[in-house]
Every structure is written in C-alpha cells, then in structure tokens.
Amino acid sequence: QVQLVESGGGLVEPGGSLRLSCAASGSNLRYYVMEWYRQAPGKQREFLARLSVTGSSTYVDSVKGRFTMSRDSVKKTMYLQMNSLKPEDTAVYYCKFTPGGFWGQGTQVTVSS
C-alpha cells in the first residue's frame, strides 16, 4: 500500500513558478511509474507527465518545456517544477503511482493576476 500527500500549490501570477511535491509512504518506490494529472473546474482530469522506473520522462505538449518532473528516492518524494505559469494552468493537481493506481488528495494551483 502506498499513501501519497501533495503539497506546494497556491496562488501565483502569470509567468511565475511553483514546485509541487508528492510525498510517498511505502517501500520499493523505485518500482512505480510516477505521474502528474490535473483537473480544471468543469473539465475532466488530464494527464500531464510521467516518470518511468528507468527515469525517463514524458510530457504532454501543453506543459512541455515549462514543467519538469523529478524524484528524490531518499526522501520518497516526487516533484513537479512548474515555470512560466499561465492562467489556463489553474487546476487541482494530483500525483499518481502505478501499479496500484494510488492517488494523492490533490493540491490547488491558481494562476491569476
């Protein structure tokens, strides 16, 4: 069983940056594929980025070049560095570990002036 707790969300102006964290409990976390999703009001949850067990990363076009995933195996924490934020990035952001489909509770990101 894995428990995930996200943090780092908040209010930021357009063009600003935030770093989201996803702290995980459990063992052998290196065997999990780690992903970030977001859900904007009135929209479906959408996939953003994936970090494979080998360390390779994949991003959707809308965040490529602006968002970067990383992980700290010692701290059992995954990160999402978000730069050049836009109002359309406003959403609740979720982390997910697979296999098992473990989700965090979400953290709100609001981009507004």
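A polar contact here is a pair of N or O atoms within 3.5 Å; within protein, one must be able to donate a hydrogen and the other to accept it, and residues adjacent in sequence count only if both atoms are side-chain atoms.

**Setting up.** I am working on a predicted model, where local features need pLDDT of at least 70 and side-chain atom pairs count only at pLDDT 80 or more, while totals for chains, interfaces and linings use all residues. My numbering runs from 1 along each chain as its sequence is written, and side-chain values use heavy atoms, with hydrogens and water left out.

**The sheet.** I looked up the strands (DSSP runs of E, at least two residues, numbered from the N terminus). Four of them make an open, antiparallel sheet in the order S1-S3-S8-S7. S1 (4-7) and S7 (67-72) are its edge strands, each pairing on one side only. Pairing takes at least two DSSP bridges between two strands; I found four between S1 and S3 (residues 18-24), in the antiparallel sense.

**Glu6.** I then turned to Glu6, which sits in strand S1 and has Cys22 of S3 as its bridge partner. Is Glu6 buried or exposed? Glu6 is buried, meaning under 20% relative accessible area with a 1.4 Å probe, protein chains only. I saw no salt bridge for Glu6 (a side-chain nitrogen of Lys or Arg within 4 Å of a carboxyl oxygen of Asp or Glu). Arg45, the nearest side chain of opposite charge, is 7.5 Å away.

**What Glu6 reaches.** Its side chain gets to the backbone nitrogen of Gly106 at 2.4 Å and to that of Cys95 at 2.5 Å. I also listed residues that Glu6 touches, among them Trp36, Tyr93, Tyr94 and Thr107 (heavy atoms within 4.5 Å).

Methods:
Buried means under 20% relative accessible area, exposed over 50%, partly exposed in between (1.4 Å probe, protein chains only). Lys and Arg count as positive and Asp and Glu as negative; His and the chain ends are not counted. Lists of a residue's contacts leave out its neighbours within four places in sequence.
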